[in-house]
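Thanks for coming, everyone. Please bring the model up on your screens.

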Amino acid sequence: MKLRKQVTVCGGAIFCVAVFSLYLMLDRVQHDPARRQNGGNFPRSQISVLQNRIEQLEQLLEENHQIISHIKDSVMELTDTGAVSPSGHLPFRSANGSWVLPFDGRPTFLAVKPQDCQFAVGSHGQADVQMLDVYSLLKFDNPDGGVWKQGFDITYDPDEWDNEPLQVFVVPHSHNDPGWIKTFDKYFTDQTQHILNNMVVKLPEDPRRKFIWSEISFFSKWWETADIHKQEAVRKLIHAGQLEIVTGGWVMTDEANVHYFAMIDQLIEGHQWLERNLGVTPRSGWAVDPFGHSATMPYLLKKANLTSMLIQRVHYSIKKHFASTRSLEFMWRQAWDTGSSTDIFCHMMPFYSYDVPHTCGPDPKICCQFDFKRLPGGRINCPWKVPPKTVVEANVAERAHLLLDQYRKKSKLYRSKVLLVPLGDDFRYDKALEWDQQYINYQKLFDYMNSHPEMHVQAQFGTLTDYFNAVYKTHGVAQGTRPADYPVLSGDFFAYADREDHYWTGYFTSRPFYKSLDRVIESHLRGAEILYSLAVANARHAGMEGRYPVSDYALLVDARRSVGLFQHHDAITGTAKENVVIDYGTKLLRSLIGLKRVIINAAHFLVMKNKEFYRFYQTEPFLETVGGNVVYLVLFNPIEQERLCVVTVLVNTVRVRVLTEDGQTLPVQLSAQWSSASQMSALLVSANEHGMSCCYSNILSSLFLFSALSSLVCLLHPQSIKRKDDPQEVKVQMQFVVYGTRPSKDKSGAYLFLPDGKAKPYNQKEPPVVRVVEGPLFSEVVAHYQHFQQTIRIHNVPGVDGLSIDITTMVDIRDQTNKELAMRLVTDIQSGDVFYTDLNGFQMQPRRHYLKLPLQANFYPMPSQAYIQDSHHRLTLHTAQSLGVSSLESGQLEVIMDRRLMQDDNRGLGQGLKDNKKTANHFRLLLERRSTGNKMMDSATTSFPSILSHMTNAILNHEVLALPVLPKRRGIPPLQTFAPLKSILPCDFHLLNLRSIQSQQDPHSPSPYTALILHRLALDCGRLFKNLDLQLLQPMSLTLMHAGTPLANDSTISLDPMEISVFKLKLR
């Protein structure tokens, strides 16, 4: 007992040395009752203002003195009794020497209702085609298919169209990458602006001409510089059906590495721009260039009220299989859908590419002759050595029959007698000459075909929706409805191979520094959106809108667009030229600085106890995002759940103490900041903060899983993980391995992963420098190797934060040549050949390791997590950045951390990957025991993370932001916790965004409306926000373009599991 007493005293003395307060004392400052009666009016004379401030300061000092006395008494009491301090928050060492954080009496379990689990247990809608089954079925061989190299010979009966003529829709398009070989701005200046300038001149020349456009990032930039006549011409073309905006996202997003928050955000940004400027609502999706396709995209498009979609880059063996079974058009259904509510009609292009040689039919040698930009004398020609011919009266019959033969062969791969023929390529139609070459020659061919009934064809230019509407009409069904006998498909289309064994799995990791930066900025964007919306609503409520910096909205718009731009399929993928990557990075960094300002300004207003004291000075911020000599600290918790976690800030003294708002002492741990393996550079203090008793979310929500930390926590051994509540130990060995690239012919590059065989163990001559830190809040082991620094940390905290192992790997392979570094977990979990990876942080997709496929084909994107499991355990690797992952043996998980490649991989980039940066990859490793109930939930096509897993992912991806209060000459006014949510939220609910909607008049100002985007819950919206009046509650489509009937303010809103819903709010 004496030893324990001494240890406790020692611990109390160390961690209660200095006053380090969280703005707390200030909110105790009491004001003069007489002043309150004056309705908060300031005294008229400057002297009385000064006098009041001096009185306030005296009160503050008195309060400060009382708190210090209270702390001193607590320490004395500790010395006398050897007990834990009255606050119950100070750590002590147990008899075996380990640190214990006292239990503070709050609920520490997750409240999960039985019905919450019914969705996972229940049966899901049956699809005719499951992509996992297709993978099992196919041989993935590559026999020569003749003119269609990756396909087969197509034949037809000439009489097939006698009763129902073939309808052909030729759809001119221009694929504009918002950055790839050139920067976004350079592409716009050199090419895109000319395409759109020519469009408004050339389309009106003939009402039969059609064109489609996808990327709103480019279109909006052009619109800003276009004169009123061009803008009016665009509106007329759209109204006449000659111009169609397809998908309408800010970019044509990548689908592998992106998080669903950003996928939705860039779609909203594009759609809101279209609604405000053109009054357009897109109907059809167009994705010709993303390198593989995710099942999340059809769900989002469906929720945005699109009725049809098109995809192109799919593995050539899958295309061939779908073509042979005439399944290239299908209803794409979510694997977890219990009915058919998520179905969307999808068209898959059948051939190698979206360029003209691969879109008119199976023979590129013939199709190339109908790309009239390649007429002799131009800058590009046909590789098959047969050039196009200008269509004249003498050759029109021969040309028309040759082209119709290709059309007929292509149509045999589909179930309707309606044919889609895209006509375009990258940055096409930038010269007026090409508009004339394509449109005039094709119109001659169409006129000839249509005037000869014996050809049984009706050919015309069309938009994408023209084509889809003709398909629906020919089958007699409504738009977006499943035609009879069309298959239903579930699953995704990763990994993509365009030829041979060239799998596009390298880009899942390429340039990981930027993949990581993207997620940091997304978290800041979400946090800034929520805080800004709440701050503006509260300012309106208090009648202080004129005093709040509402103009911060322009910073939000800039960040939305920079983040949106980076979701482009050559940006977050890491597949652009080095100077373009720098341009993206510069835009992202500018946005991050702006977002920090939005957060600081919103937090400043929201934590003011008396809003009358609120003053905003542009040049004198109230808060900052970094700080050395911290006295007061505002903490922002971006997630909607209460959390108990460790917050770390930089300090300049070893004498540190942290107090909560109500004067309770928090446990702290002082540690060093290291500039190298053995050189200390600064001091860090880590405080254990419960919930957000300073800012944003102070909701008690029955969040924590276990009742007492001391008996239930993960312990890390060199070779195993053991949960203290589980008698069984799981062997987990961490290895680092290195892949090379092939010695000859095709080599790995930004897109492709072409390894030289199995990975080899990472070796270095010198043993690593190992540093061990042990303390009450966390303990960690840091191992310094030549090319990476590995930190493994265990948090000694009750609840979610203490139930997983924190892993940070700082990778630096800048001195390597053609090497890829991977982290491999080797366990005794009997997972067989099955593993699970997420799609866009939205849903889980079961995967299989196939020996019939090359090693590189078994890698998949991991935007947020991957896991392996058997009947006893599940081991999940959560990630804060998107990387490539696989399970090459039973019980293994393997992540590619970084790749340095010295050559181009012949996909158009013209560079290798040599601009590597020192990159921190951050993970959480979560071991869970599986019960009988878990096993019932297994199915071949669906799998779901646990509640604990969802929470672990949230805390990893949305770190608490520590905002030091800057010292003020006039003193710091009273502050208080801001907790906006009125009722406890379910723990399986995610507030995806609270996004202020743009004003219709000024795109850089907010309207009075806010978009509330929710993912899965049933809640009472009428009582969602404290102290605000809800004046409108209206269901909307995902991108706010389609409105439902407004609901009563006290309506109960029910969402099915996995569902994302959007509501338009008016808060005051």
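Start with α17. This helix has 14 residues and reaches 20 Å from its first C-alpha to its last, close to the 20 Å expected at 1.5 Å a residue. The expected span is 1.5 Å times one less than the number of residues. Helices here are DSSP runs of H or I with at least four residues, numbered from the N terminus.

A word on the source. This is a predicted model, where local features need pLDDT of at least 70, side-chain atom pairs count only at pLDDT 80 or more, and totals for chains, interfaces and linings use all residues. Residues are numbered from 1 along each chain as its sequence is written, and side-chain values use heavy atoms, with hydrogens and water left out.

How many residues of α17 are buried? The count is 11 of the 14, so the helix is largely enclosed by the rest of the structure. Buried means under 20% relative accessible area, exposed means over 50%, and partly exposed is in between, with a 1.4 Å probe and protein chains only. Among the buried residues are Y553, L556, R560, R561 and F566.

Two of those are arginines, R560 and R561. Side chains of opposite charge can pair when their charged atoms come close. We call it a salt bridge when a side-chain nitrogen of Lys or Arg is within 4 Å of a carboxyl oxygen of Asp or Glu.

Which residue does R561 pair with? R561 forms a salt bridge with E269, and their closest N and O atoms are 2.9 Å apart. R561 lies in α17 (residues 553-566) and E269 in α9 (residues 260-277), so the pair ties together parts that are 292 residues apart in sequence. R561 is buried at 16% relative accessible area. E269 is buried too, at 1%.

Now R560. Its salt bridge partner is E529, with the closest N and O atoms 2.6 Å apart. E529 sits in helix α16 (residues 512-541) and R560 in α17, 31 residues apart. Both residues are buried.

Next, the loop between α16 and α17. D552 is in that loop, and R597 is in helix α18 (residues 578-607), 45 residues apart. The two form a salt bridge, with closest N and O atoms 4.0 Å apart. D552 is buried at 1%, while R597 is partly exposed at 37%.

Last, the wider view. The whole structure holds 45 salt bridges. Some join up: D371, K373, R374, R428 and E434 are linked in a network.

Key:
Helices (H or I, at least four residues) and strands (E, at least two) are DSSP runs, numbered from the N terminus.
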